[in-house]
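Welcome, and please open the structure in your viewer. We will take it one selection at a time.

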Amino acid sequence: MTDQVLTPVQTEEHQKHTLVALVENKPGVLNRIASLFRRRNFNIDSLTVGRTHRPHVSRMTIVVDSTQANPNLIAANLLKLVNVIEVRVISTQPHVSRDLALIKVRTDSPESRNHVTELCDRYPARIVDIGPEVAIVEIASQEDIVENLIEELRPIGIVEMVRTGVVAMGRGIRIQDSEYEPPTKAKPTTNGYQRFSV
Amino acid sequence: MELTGAEIIMECLLREGVEVMFGYPGGAILPTYDAMTRYPQIHHVLVRHEQGASHMADGYARATGRVGVAIATSGPGATNLVTGLATAMMDSSPIVAITGQVARGAIGSDAFQETDVTGVTLPVTKHNYLVSDVEELAYVIQEAFYIARTGRPGPVLVDVPKDVQNEKIEFVYPENGIRLPGYRPAEQAAEDQVAAAIEMIKHAQRPIILAGHGIMMGRATNELRELSEKAGIPVALTLLGKGAMPENHPMVLGMMGMHGAAACNYAIQESDLLIALGMRFDDRVTGNLKTYAPGAHKIHIDIDPSEINKNVKVDLGISGDVRTVLAQLLPRVEVQQHPDWIARIRDWQEDADERDILHHNTGEHLLGAQVINDLWRFTNGEAITVTDVGQHQMLEAQYYPHQRPATMITSGGLGTMGFGLPAAIGAKFGRPNEEVWAIVGDGGFQMTMAEMATAAQENVDVNIAILNNGFLGMVRQWQEFFYEERYHATPMFNPDFCKLSEAFGIPAMRVTHRNQIEESVAFARSVKGPALVEYAIEKEDIVYPMVPAGADLHNMIRRPKPGEVIQK
Ligand SMILES: Cc1ncc(C[n+]2csc(CCOP(=O)(O)OP(=O)(O)O)c2C)c(N)n1
C-alpha cells in the first residue's frame with residue numbers, strides 16, 4: 001500500500017500547495033526563506049530542508065496554505081532570492097509526497113495493544129518500539145493518511161508525537177535538478193569557516 | 001601582489017569604476033579607511049550621519065544610473081544606514097553598502113559595537129553578504145555590484161569583519177568572479193504574449209499607458225515615446241516615472257495617483273486598456289483596488305515577475321526587461337489614433353486648468369505651487385530637482401514638468417523625510433555639470449540638515465530651497481481633512497534657517513514675496529558652492545487634488561473653482 005499514489009483530498013477553505021525549491025547549500029539561506037514568508041505574509045504549513053545528491057545544493061519542500069496567496073506568486077518571490085536556484089509548484093502535477101511521523105501511544109492494556117496492532121495493519125505504519133507502558137508507531141505516507149492514523153490513535157492515548165513535514169517529488173521524467181556545478185575556486189579554509197556565511 | 005582585505009576592497013571598487021564613496025569611519029572599518037589613503041583616485045565624502053551616506057549613494061545612483069557606494073562602521077554605523085537602504089530598496093536604486101564588522105572570533109559574543117547587520121538588513125536589501133574568508137572578498141564585491149545594478153536594481157550590503165580587512169593574501173583580481181547559479185536578471189516576452197498584447201492594443205478604444213521608474217532604469221524612454229505616438233496612446237506617469245517621457249509632449253497627462261492630475265485619474269478609471277510599464281501598482285497610485293480601472297483590460301510589463309498579479313490582477317503579465325519587450329512589440333503595433341478619447345481627456349484637463357491655483361488671485365500670499373512653478377520657469381525646467389517628502393514633493397510633481405529622464409529624484413515608495421538634502425548632494429557628485437536643486441520642507445530638512453556641513457566641507461554646488469510653512473504640512477493637511485483640524489504635533493518651532501545656513505558658511509536668502517523668486521534663483525546660481533533659499537510660504541495651504549487613502553481613484557477632493565465652496 002505504501003507505494004500507491006493517491007490524490008490528496010483538498011477542501012475549498014483549506015487549499016494546500018506544495019512547492020519544491022533547490023537552493024544553494026550555504027548558511028543563512030533558510031533564514032532568507034523564512035524571512036521572505038514572514039515579510040510577505042505567506043503562511044507556511046510545513047517546510048523541510050535536506051541535502052541532495054549534489055553537495056552544494058539543498059532541496060526544500062514547502063507546503064503553503066494557498067487560500068491566502070497564489071502559489072505562483074510565492075514561487076516568483078522565492079526565485080527572486082539570489083540563493084534560490086530553481087522553484088516549482090508541484091502540487092498541480094502528479095507527484096509523490098511523504099510525511100513521516102513517530103507517535104508514542106499508550107499500550108498499557110491488552111485492548112490498547114490490540115487496537116494499535118490492528119491500526120498498524122490497516123495503515124502503512126509499523127510499531128518500531130514497544131514496552132509495557134507505551135509503543136512508538138512509525139508512519140511514512142501522504143499527509144492526509146498520516147493525519148487519519150493520528151485521529152484513530154488519539155482515543156487510545158497519544159503521549160508524544162513528532163513529524164518531519166512533507167517531502168515531495170514530481171512523478172515521471174519531470175526531473176527537477178540543477179545543472180549548477182560548484183565554483184571551482186571554493187576550497188575549505190584552515191580556520192573552518194564556510195565559503196561565505198550568507 | 002600581496003594585499004590586505006582592506007586593499008582588496010579598494011582595488012575592487014576601482015575596478016567597478018567607483019569614483020566617489022560616501023561614508024563615516026569607526027573602529028571596525030578603520031583598516032579600509034587606512035587603505036583609502038593608498039587609493040586617492042576614489043574620493044571619500046565624509047558625511048555627518050550614516051543615513052546621509054546611504055541617501056547620497058542613492059541620489060548618486062539615481063542621477064547617474066551607476067551604483068552608488070556607502071561605507072560605515074559596525075553596530076551604530078551600520079544601523080544608521082538602514083533607512084537609506086530601505087529607501088533604495090523600495091525605489092529599486094542600485095547601491096552597495098560596505099560595513100565593518102567585529103572580528104570573526106568575536107561574532108556572536110555581543111562584542112563592542114557588534115550588531116547582526118546581515119540579519120537587520122535582510123528585509124531591506126536585495127541581497128547581503130557577511131564575508132568570512134578574505135579569499136571570497138573580491139568575488140563578493142563583484143557579485144554585489146552585479147546584483148545591485150542588474151535585473152530590478154536594489155541595495156546590496158557587504159559586511160566585512162575587521163580581521164578579514166587586515167588579513168593579507170596573494171591577490172589576483174578574478175576577471176569573471178560572478179557565481180550566481182540562481183540569479184536570472186531578465187527575460188523576454190514569449191511569442192504568444194507579444195501577439196496577445198498587439199491584439200489588445202489594436203482593439204482598445206480608450207487605452208492609457210502607465211509609465212513608471214522602470215522606463216528610466218531600463219532605458220526605454222525612446223521605446224515608450226514611440227509606442228505612445230504610433231498607437232496614439234496617452235501616457236500617465238508615476239511619481240518616479242516623471243522624466244520617462246517629456247512632460248510637454250501632448251500625449252503626457254502628468255502624474256497619476258493620490259495627488260495626481262485629475263485628468264490622469266479619470267482617464268485611468270474610464271479606460272478600456274491599461275498598459276503598465278515598469279511600475280508596480282502602489283496603493284498611492286491605485287486607490288481602492290476593488291474599483292480600480294473596472295472596465296479595463298490590463299497588460300503589465302515588469303522586470304520583476306513577483307510584481308505581476310501582486311496588487312492588480314492583470315489579463316496579460318509579461319515579466320521581462322521593458323526595453324526588450326517594447327522593442328518586440330513596436331514593429332507590430334499598428335498606427336492608430338483615438339480622437340474621441342483624447343478629446344474627452346482634454347475636457348478633464350480644461351476643467352483642471354480652471355481650478356488651478358496659478359490661475360486664481362491669491363493676493364499677497366506666497367504659495368508653494370507658485371514657488372515651484374517659478375523655480376521651473378527660472379531654471380528653464382532644466383534643473384535636476386531632488387525633493388524631500390510632503391506637500392512640497394507633490395507640488396514639485398505637479399508644477400515642475402521635467403523633459404529629461406533622471407532629472408527628478410524623490411523617495412517614492414518609502415516616503416523618507418530627510419532624503420532631499422543628502423540625495424541632492426549625491427546627485428551633484430554624479431552630475432557635476434547640472435544645476436541641482438534640493439526642494440525640501442521645513443520638517444524634513446531638519447531631519448538631515450547636518451549634511452549642510454558635508455555640503456560646505458566639500459563645497460558642493462547644490463541649491464537648497466526650503467518651503468517653510470511652519471508645519472509638517474502634509475500631516476496638517478490630513479488633520480484638516482480627516483481629523484477635524486486638530487493640529488496636534490504638526491506646528492513647528494523652527495530655527496532661523498538663513499542664520500543657521502550662514503553658521504555653516506552657506507550663503508542664504510529669505511523670500512517672502514513672489515516677485516523675489518527670480519532674484520532668489522539668480523542668487524543661488526551666483527554662489528559657487530552650496531546656497532540656501534528659504535521661501536516663507538502660506539502656512540495652511542492644501543495640495544489638490546487628493547484621493548483620500550483607500551478611496552476610489554476617481555473620488556478626488558478637488559480644488560474648488562473660483563467662487564465655489566470648498567468640499568471636504
Ligand atoms: C521619516 C519620516 N517620518 C514621518 C513621515 C510622515 N510624514 C509624511 S509628510 C510629513 C510632513 C512633512 O512636513 P515638511 O517636511 O515640513 O514638508 P511639507 O509637507 O510641509 O511640505 C510627515 C511627518 C515621513 N514621511 N517620514
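This tour visits each chain in turn and then stops at a single residue. Keep in mind along the way that you are looking at a predicted model.

**Stop 1: select chain A**

Start with a cartoon view of chain A, where you can pick out 4 helices and 8 strands.

Chain A exposes about 10,700 Å², and 51% of that is supplied by carbon and sulfur atoms. Of its 198 residues, 43% count as buried. If you display contacts in chain A with a separation of 6 or more, 76% of them come from residues 24 or more positions apart.

**Stop 2: select chain B**

Move on to chain B, which holds 22 helices and 20 strands. How does the radius of gyration of chain B fit that of a compact globule? A compact globule with 568 residues would have a value near 24 Å, and chain B agrees because its own value is 24 Å.

Chain B exposes about 20,500 Å², with carbon and sulfur atoms supplying 51%. Buried residues make up 63% of the 568 residues in this chain. As for contacts in chain B between residues at least 6 apart in sequence, 75% join residues at least 24 apart.

Next, colour chain B by charge. There are 46 positive and 70 negative side chains, and the centres of these two sets lie 3 Å apart.

**Stop 3: zoom in on B:Glu247**

Finally, select B:Glu247 and show its side chain. Where is B:Glu247 found? Look in the loop of chain B between strand 10 (235-237) and strand 11 (252-255).

Is B:Glu247 buried or exposed? B:Glu247 counts as buried because its relative accessibility is 15%, and the cut-off for buried is under 20%.

A polar contact of 2.8 Å joins it to the side chain of B:Glu247.

To see the rest of the surroundings, leave out residues up to four places away in sequence and select what B:Glu247 touches: B:Leu237, B:Lys242, B:Val252, B:Gly254, B:Tyr400, B:Pro401, B:His402 and B:Gln403.

Definitions and conventions. Residues are numbered from 1 along each chain as its sequence is written. Chains are lettered from A and ligands numbered from 1 in the order in which they are written. This is a predicted model: local features need pLDDT of at least 70, side-chain atom pairs count only at pLDDT 80 or more; totals for chains, interfaces and linings use all residues. Side-chain values use heavy atoms; hydrogens and water are left out. Helices (H or I, at least four residues) and strands (E, at least two) are DSSP runs, numbered from the N terminus. Buried means under 20% relative accessible area, exposed over 50%, partly exposed in between (1.4 Å probe, protein chains only). Contact means heavy atoms within 4.5 Å. Accessible areas come from the Shrake-Rupley method with a 1.4 Å probe; for residues, only the protein chains shown count as cover. A polar contact is a pair of N or O atoms within 3.5 Å; within protein, one must be able to donate a hydrogen and the other to accept it, and residues adjacent in sequence count only if both atoms are side-chain atoms. The radius of gyration is taken over C-alpha atoms; the globule rule is 2.2 Å times the number of residues to the power 0.38. Lys and Arg count as positive and Asp and Glu as negative; His and the chain ends are not counted. The place of a charge is taken as NZ of Lys, CZ of Arg, CG of Asp or CD of Glu.
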